[in-house]
Amino acid sequence: MTGRNGDAGEDRVTVAKAGARDRADAAQKDDTTENGDAAKKDDAVEKSDAGKKDDAAEKSDAAKKDGTGGDKPADPWSAFGPAPEPVLGRPRRAVRAVGRFLVHEWTLAVVAALALAAAMTWPTLRYPWHTLPQDYWDPSLQAWQMAWSGHILRTNPAQLWHSNTFYPENWSFAFSDTLLGYAPAGLIGVGPEHAVLRYNIMFVLAHALAAFGAYALARQLGAGRIGGAVAGASFAYAPWLLAQAGHLHILSNGGIPLALAMLARGHGWSLRYGYRPRRRHAGWAFAGWLVAAWQLSLGFGIGLPFAYMLAGVVLVSVVLWFVRRRRVKRPFGWRLVLADVLGGLVFAAVGAALAGPYFRVAELHPNAERTIGDIGLYSPPASGFFTAPAESRIWGGLHEGARAVLPWHPEMTLLPGFVLYALAAGGLFFSVWRVRHRIFLLAGVLVTMALAMGTRFFGGRFTYVPLFDYLPGWSGLRTPGRMMLWTTLLLGLLAAGAVTAFCMRVRELAAERVPPWPGPWLRLATLLPLALVLVEGLNATPQPVVPRQPAALRTVDGPMLVLPSSQNLDQPVMLWSTDRFQPMVNGGSGFTPRSQARIREATVSFPDYASVDYLRQIGVKNVVVLRDELEGTPWEGMLDRPVDALGVAREQVGEAVVFRL
């Protein structure tokens, strides 16, 4: 820099002398041509002006031309300096931005979650138009739910809660969890095949969201990438969830950890680093509340405990605000408080709007409400925490004897994974989390396990029964074992802390090596916990073919009754109605309405005068009898009865017989 300034000073002296000579010559000429002639004769002045705008190299060239300072050679080392940063055009900037997006951590996490979900749920997507995971009963019901919500939003949203099933009952859409949050998917496609395809796609996406949400939560709390991956994989593919393959409303749980991650991010809070006010972001907090509201719209089965947990978090936050407001000026910030207030109001409004129809159903159908005796039937013993369901490829066959002693093993096989147990136990002693945080996580694991046992834990007097008696809506939860969802998430966070600490130790060992890079075996060792968790989550879930829709269901008008009728038989019938959504008596849910029970009882003798007259009184116009399903049911032999004196028309439509009343 000193040399360049010296050259520039020398140039200025030369320019000054040349300017003096020019001014003397120009004085002898006319004033009108003074400036023009001086500009033509004085190259040095022009070079000096250019030197003020250009770099030192251009100044040197100007000096060589006017004969001053031109004998100094150029710096030979300038060729080895860094090239100037090129000025990128808009297309190249766009390409670079896309490239950065594609290799970003969260983009890769989304892609990995989708690919892993397709692989871990295989063969769900092998024949997605024709098969359903586990069975075709509850999945048929839930496929119908998505189809109905999309159909009614297109046609008559005011009738959302009064579906075409369980005729002549109202509020029938609230007879079970609705998966209403999937209504946008229901807008695409019409008919049973599209409903089955839609269900299978959402089944896979639900697993992907669960893995991604738990990964995001672990990362926000301070876990490393591999630790976060272990948390995500263990939460989405725990062995006990394989028994829930027919319950999409239970598998659709990814909004829980994702909402918690967003709320923690918005409040600048991390389990590992504590509260960091500079990292607060009101937008993330509000988005977290929206995701929580969407999660609640998928069903109260897992949404209700989530809502009460958020209420507890809000209560603790308010207490902290009052405690810290004197020590820290605006500890949460007015924008963040406003985002929480607005987001909490949205969440509460969604919850209230969804709860209204369910309270109405409880009022109209007292038999729909659960009793503590019902809870006892589904409460698992402690051995259930170490028993895998039959759908587990690794442990299913080995645990057959343990399942045989469980009263209702589909809801009592609650193994989250032996590898997860081991990693979480290690996380109590070797972890990136502080000791007090490990104790809190362990306490959460024990409390949620006690809740999952229902009335099996000292009769539930100090755990489940008080919640059942005093918390609104809790009495509608039939299966306490589903609280295992929270146990699995907390175990995953403990495991993520241990795996993160292990990976940090590997990096420390790598830094001591020459060259400082871990060997292939050391790198693979960091992925071993993730691989073992995924192996335990491998499935052997059956994929039965959905019964083909009878041709009569595409042509017969409602109100109608399809016989034979029962809880399980009616669920495929609901799926078959997705072509036209005719009103029908049939329907399957968590309880049987008394009107439906009376209709089934009255039609056991169909067709006779009493049954035909009863159906006419309630408005049923057509009865469709599925010939191939009659064997072994109370309606067996009904097609041999005469109808001549009943004023009923009988017609064969494909494989079904239609009675027109």
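In which sense do β5 and strand β6 pair, and over how many bridges? β5 and β6 (residues 656–660) are antiparallel, with five bridges.

## Basis

This is a predicted model, in which local features need pLDDT of at least 70 and side-chain atom pairs count only at pLDDT 80 or more, while totals for chains, interfaces and linings use all residues. Residues are numbered from 1 along each chain as its sequence is written, and side-chain values use heavy atoms, without hydrogens and water.

## Sheet

An open sheet of mixed pairing is built from four strands in the order β3-β4-β6-β5. Strands are DSSP runs of E, at least two residues, and helices are runs of H or I, at least four; two strands pair if DSSP finds at least two bridges between them. Val653 has Ala656 in β6 as its bridge partner.

## Nonpolar cores

The largest nonpolar core has 122 residues. Such a core is a set of buried Ala, Val, Leu, Ile, Met, Phe, Trp, Tyr and Cys residues joined through side-chain atoms within 4.5 Å, buried being under 20% relative accessible area with a 1.4 Å probe, protein chains only. Helix α9 (residues 192–221) supplies the largest share of this core, 17 residues. A second, separate core has 20 residues, including Val648 and Val657.

## Helix packing

α9 packs against helix α12 (residues 255–266) at about 30 degrees, their axes 7 Å apart. α9 is therefore roughly parallel to α12 (angles under 35 degrees). Axes are lines fitted to C-alpha atoms over the stretch in contact, and angles run from 0 to 180 degrees between N-to-C directions.

Terms used: Buried < 20%, exposed > 50% of the residue type's maximum accessible area, 1.4 Å probe, protein only. Parallel < 35°, antiparallel > 145°, perpendicular 65-115°, else oblique.
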